[in-house]
Amino acid sequence: MELYVQEKLSLKGKTAITDAEQNTVFTSEKGVFFNDGKIFLYDAQGKKVATILEYNGIFNKGFVIKLGKKKVAKLKKKLSLVNQKFKVKKLGWDISGNFLSKEYHITNNGEKIADITKKSLVSLLEAYSVDIANPDDAAVVVCIVLILNKILNKKKGNLLKKAVK
């Protein structure tokens, strides 16, 4: 299953997730005001499918993915000196790849769950191609892409702030 994730210019941080025919599969939007730190994922009919909750861990931020009211995954960065790695707890998935060029893979015991590749667009906004092995994993994989995009964009912003100083 191939999906395309593209941010939209919006105050609510909306993202469109479409299939190869440009049909909307999911949309997401960031929480505002009292829901700040949350990201909501909706299906094509506008029904909430998932919620991403951000929390502060001891060393860095972590994220919880809920499908409905059930916590299905927890994403934390693994400590690594050479490159970044993430572990999706509860599911046992590993995320690795080249995060600077935004190409990474999600695996479970070496078996492909999804491949994520940044798309080249003449745009200020990010866009990704997501190749998912099992369509049943689509909502969780999309949530992971949204989380990593948030983490990587925040790091890019911090690097720009340091460069300006």
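Asp115 has a relative accessibility of 25% and counts as partly exposed. This value comes from a predicted model. The class follows because partly exposed residues lie between the buried limit, under 20%, and the exposed limit, over 50%.

Asp115 forms a salt bridge with Lys112. The closest N and O atoms of this pair are 3.5 Å apart. That distance counts because a salt bridge requires a side-chain nitrogen of Lys or Arg within 4 Å of a carboxyl oxygen of Asp or Glu. Lys112 is partly exposed, with a relative accessible area of 33%.

Lys112 also forms a salt bridge with Asp131. Here the closest N and O atoms are 2.7 Å apart. The pair links distant parts of the chain. Lys112 lies in strand E11, which covers residues 111-118. Asp131 lies in strand E12, which covers residues 127-132. Asp131 counts as partly exposed, at 25% relative accessibility. Through shared partners, salt bridges join Lys112, Asp115 and Asp131 into one network.

A further salt bridge pairs Lys87 with Asp94. The closest N and O atoms of Lys87 and Asp94 are 3.2 Å apart. Lys87 has a relative accessible area of 26%, so this lysine is partly exposed. Asp94 has a relative accessible area of 23%, so this aspartate is partly exposed as well. By the distance rule, the count comes to 5 salt bridges.

A positive surface patch is formed by Lys70, Lys71, Lys74, Lys89 and Lys90. Strand E7, residues 70-78, gives the most to this positive patch, with 3 residues. Lys70 has its place in strand E7. At 59% relative accessibility, Lys70 counts as exposed. The class applies because exposed means over 50% relative accessible area.

In the network, Lys112 is joined with Asp115 and Asp131 by salt bridges that share partners. In the positive patch, Lys70 is grouped with Lys71, Lys74, Lys89 and Lys90.

Terms used:
Residues are numbered from 1 along each chain as its sequence is written. This is a predicted model: local features need pLDDT of at least 70, side-chain atom pairs count only at pLDDT 80 or more; totals for chains, interfaces and linings use all residues. Side-chain values use heavy atoms; hydrogens and water are left out. Patches are made of residues with over 30% relative accessible area and no salt bridge: like charges are joined within 9 Å, nonpolar side chains (Val, Leu, Ile, Met, Phe, Trp, Tyr) within 5 Å. Accessible areas come from the Shrake-Rupley method with a 1.4 Å probe; for residues, only the protein chains shown count as cover. Lys and Arg count as positive and Asp and Glu as negative; His and the chain ends are not counted. The place of a charge is taken as NZ of Lys, CZ of Arg, CG of Asp or CD of Glu. Helices (H or I, at least four residues) and strands (E, at least two) are DSSP runs, numbered from the N terminus. Buried means under 20% relative accessible area, exposed over 50%, partly exposed in between (1.4 Å probe, protein chains only).
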